[in-house]
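Here are my notes for your first look at this one. Have the chain open while you read, and take the points in order.

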Amino acid sequence: MAHAHHHHAVPSVAEGRTGFRRGAAFIIGGLTSGHGVFHWIAQSFIVVLPEVRDLLLGGSIIAATSIQTTREIASGVVALPGGVLTDALRRYWGWVMAVCMALFGVGWLLMAAAGWQVPGSAWLVTSQTAEAAAAGGGALNPVGYALLIIGMAIVAIAASVWHLPAMAALSSHFAHRRASVLSFHGVGGNVGDVLGPALTGLLLVTMTWQSIITIYAAVPIFLAFLVFWAFRDIGQRAQAAAESAPAFTMRSQVEETKLLVRNPRIWGITIVAGLRGMAYIGFVTVLPLYLADHLGLTVDPEGGVFEGVFIRGSLIALLVLVGIFASPVMGYISDRLGRKMVLIPGMIFLAVVTLIMVPFSTNLAVMTILLAALGMFLYSDQPILTAAAMDIVREGTAATTLGLLSTSRFILSAASPLLAGWLYGIDYTYLFYYTAALYLAAAVILAVVRLPQLAPVEDHHDDHGHGGHDGHGDHDDHGHHDDHGHGHDHEGHGHRHH
């Protein structure tokens, strides 16, 4: 990969950097590790949501799920201008990433401070804190709730903005290996998604939720200084490349965007992606509440049994762990057999497994198997949906397409945690029916959307090694793995689109 680092002829831009900081291993390893930190803490908070609800929010399901809704809204708002800001501040990418890492820690510190509003808060779990959780913890704490909402908004904005320069820098430095490097970067996030919940479940055995989040918050605040030292000049190469590139014409971009917006197939995929996002975020937000309330995976103050919280964290980690291995396989199959051949059966499979959970909803052993089965497709369909959109669009609208997909997902999914929480409050099995209905609706809509035929395998393989990546760096910058180059290689096969 190291040779790709010197792909563009900009000999002077990296001269100020010390030797090992220019190395591929240092850049990829550092940015991938940072990605893992963001996912580790964010996924960990989902595990402690039952404790937050019971001890701080007076047992209110809607108040608890509204925190995740805040995350979706804040991420959606910043997703639109974020790309423009990233391009404008190429020279300062190191600063941007360091500030984002610091703000990420500050946001979590505010959320931890919300927990310290509760009288009798302690670093370690005691029989008193366990009994308070079991009793519902009293009334909702308004100051604590406000701190949770503000903290989560800061966390969401910091995480969203961090991804843009990090992925753009990787794309710029490793243009010949862009897809591979961005896929590796994605694995860092997946590892964080697995380790975070498992570790948090283990810590919950002896520590209060606010103590855990306080410790976690200190990590990104400390890392912010390291990030600035390591990557303070990482945007220089992209800046030099941009200054030497032909002038950008806004008129051509507007014309391409008009063609995109008028394309019904793109809107079909966008709606499917939004419904899939609704199903995912609603289910994952309420899942820990269900595990605590109906499978008893919580602290038992009378029996002194604490391992339930560890099992809860491990089950949430299990969802992602299965997906890490399943996602590349599903992407590979979709490249060979077509997007619908994977997406439609996958969404039907998710709906069926979710419905099977209803009669077995109080059986921990069966639910563990069903959650593992769910993980096979839960994290693999979104990259394939993005690839399906990339198969359709023209080169100049790749970034716009990703913006449309991301924004629509956030718009549709923002209300889903609240809706899922409301249904769960009426009857917990409604969570499963709600999720299954969304997956089935997405499958039906996708079935009627006409997708372009993919090129034959041998042609696709020949094209993949070159030309497919450098022409559309915009969407690669967003880190949607190597699924995305495939549609653009097929212009010679009569699959063009608008």
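1. Start on the surface, where I62, L355, L419, W422, I426, Y430 and Y433 make up a nonpolar patch with about 660 Å² of accessible area together. (Patch members have over 30% relative accessible area and no salt bridge, and nonpolar side chains, meaning Val, Leu, Ile, Met, Phe, Trp and Tyr, are joined within 5 Å; areas come from the Shrake-Rupley method with a 1.4 Å probe, with only the protein chains shown counting as cover for residues.) Do keep in mind that this is a predicted model, with local features needing pLDDT of at least 70 and side-chain atom pairs counting only at pLDDT 80 or more, while totals for chains, interfaces and linings use all residues. Residues are numbered from 1 along each chain as its sequence is written, and side-chain values use heavy atoms, leaving out hydrogens and water.

2. Which helix gives the most to the nonpolar patch? That's α17, with three residues; W422 sits in this helix. Both α17 (416–426) and α18 (430–448) supply at least two patch residues each. (Helices are DSSP runs of H or I, at least four residues, numbered from the N terminus.)

3. Now look at what α17 packs on. Helix α11 (residues 264–294) meets α17 at an angle of about 40°, with the axes 8 Å apart. (Axes are lines fitted to C-alpha atoms over the stretch in contact, and angles run from 0 to 180 degrees between N-to-C directions.) That makes α11 oblique to α17, a label for angles that are not under 35 degrees, over 145 or from 65 to 115.

4. α11 has another partner: α11 and helix α12 (residues 307–337) pack at about 140°, their axes 10 Å apart. Here L287, P288, L291 and A292 of α11 touch R312, L315, I316 and L319 of α12.

5. Finally, back to α18. The axes of α18 and helix α13 (residues 339–356) come within 8 Å and cross at roughly 160°, so the two are roughly antiparallel. Their contacts include L355 of α13 and Y433 of α18, both of which belong to the nonpolar patch.

Notes: Patch = residues over 30% accessible without salt bridge, like charges linked within 9 Å, V, L, I, M, F, W, Y side chains within 5 Å. Salt bridge = Lys/Arg side-chain N within 4 Å of Asp/Glu carboxyl O. Contact = heavy atoms within 4.5 Å.
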